[in-house]
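Me: I have some questions about the labels used for this structure. Please set each value against its cut-off.

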Amino acid sequence: MAVVHPQFNPVALDLGVVQLHWYGLMYLLAFAVAYFLAYSRAKSRADFSSEMVSDLVFFGSVGVILGGRIGYVVLYNFGEFLANPLYLFRVWEGGMSFHGGFVGVLFAMWYFAYKYKKAAFSVLDFIAPCVPTGLLFGRIGNFINGELWGRVSESNLSHLMYFPQAANADFALIGENPTLQNIATNINGYLLLPRHPSQIYQAVSEGVLLFVLLWWFSAKPRPRYAVSALFLLGYGISRFITEFFRQPDVGYELIFGWMSKGQLYSLPMIVAGVILFIMAYQKQIYDWKKS
């Protein structure tokens with residue numbers, strides 16, 4: 001039987017004049033863990049110093065925040081931005097795009113590579129294994145906020161959830177398809193439908209599993225482009241699959257009747273990953289050796 005999503009207080013710490021929201025806390029944890037992982041990787045690499053790691057994580061953090069927020073607003077809520085430009089700065093309400101953040105990080109890593117006179121993909125290969133834990137914390141933040149919930153399911157899976165935050169969406173769905181009342185449950189006066197906790201699916205696939213795979217793969221020298229290629233393939237494929245369980249974004253029609261925008265944006269990553277893998281093992285350029 002499905003369970004009700006816990007109604008977490010979005011504020012993790014209230015100091016009166018200052019409030020720390022769970023979403024913001026997840027980003028702080030993501031950056032802290034990314035720094036620890038990058039510092040650990042640098043210990044076995046003569047080409048990355050602790051000072052460089054600090055700059056790398058700082059530039060990456062700026063890229064994630066700016067790119068993620070701008071990408072979310074432009075790709076998913078541009079109409080809201082046109083109606084209220086200040087919406088761009090309301091980051092405490094959630095709303096970050098991975099694909100926008102990814103582009104922001106690319107620019108940040110390009111700047112870092114330029115500053116330290118490194119090949120851009122040497123930098124990207126170094127930092128890629130440190131990224132999935134940030135995705136993990138981001139999805140946990142989505143779950144705590146009760147946002148980006150999954151699609152309605154008529155199965156009897158015990159881990160399905162009722163999301164009170166989806167009450168309006170559930171009401172609309174029942175209006176379109178009255179037979180859904182058979183699986184709806186009255187919770188606090190609202191008919192709620194059982195949904196996949198897709199935030200957890202994505203936290204496990206994009207966060208935990210991708211991290212383990214990349215950390216293992218990058219533990220020994222790989223040709224330039226290979227680690228970045230695995231990240232693109234791993235994220236692109238896992239995001240494409242988990243999108244089948246995630247509720248499509250409001251206001252956007254499914255492409256071809258089944259493909260979401262998240263899946264559409266992931267396809268170029270999968271293609272780029274394949275191309276980079278081919279380049280990596282054709283060129284056979286190694287940026288470091290095992291000491």
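Reply: Start with the surface of this predicted model. F58, V62, L66, I70, V74, F78 and L82 form a nonpolar patch there, with about 660 Å² of accessible area together. Helix α2 (50-76) and helix α3 (78-83) each supply at least two of its residues. The largest share, five residues, comes from α2.

Me: Why is L66 called exposed?

Reply: L66 lies in helix α2. Its relative accessible area is 51%. Exposed means over 50%, so L66 qualifies.

Me: What makes the pair of Y27 and F31 edge-to-face?

Reply: The angle between the planes is 65°, and over 60 degrees counts as edge-to-face. The centres are 6.0 Å apart, and the limit for a pair is 6.5 Å. Y27 and F31 are four residues apart in helix α1 (residues 22-42), so about one helical turn separates them. Both are buried.

Me: Why are F231 and Y235 called stacked?

Reply: Their planes stand at 15°, with ring centres 6.4 Å apart. Stacked requires planes under 30 degrees apart, so the pair is stacked. Both residues lie in helix α9 (residues 226-242).

Me: How do you know that F231 and Y235 are buried?

Reply: Buried means under 20% relative accessible area. F231 has 6% and Y235 has 0%, so both count as buried.

Me: What makes R222 sit over the ring of W216?

Reply: The charged end of R222 is 5.8 Å from the ring centre of W216, and the distance limit is 6 Å. R222 also lies over the face of F217, at 4.1 Å from the ring centre.

Definitions and conventions. Residues numbered from 1 in each chain as written. Predicted model: local features only at pLDDT ≥ 70, side-chain atom pairs only at ≥ 80, totals over all residues. Heavy atoms only, no water. Patch = residues over 30% accessible without salt bridge, like charges linked within 9 Å, V, L, I, M, F, W, Y side chains within 5 Å. Areas by Shrake-Rupley, 256 points an atom, 1.4 Å probe, with all protein chains shown as cover. Salt bridge = Lys/Arg side-chain N within 4 Å of Asp/Glu carboxyl O. Buried < 20%, exposed > 50% of the residue type's maximum accessible area, 1.4 Å probe, protein only. Lys NZ or Arg CZ within 6 Å of the ring centre and 35° of its normal.
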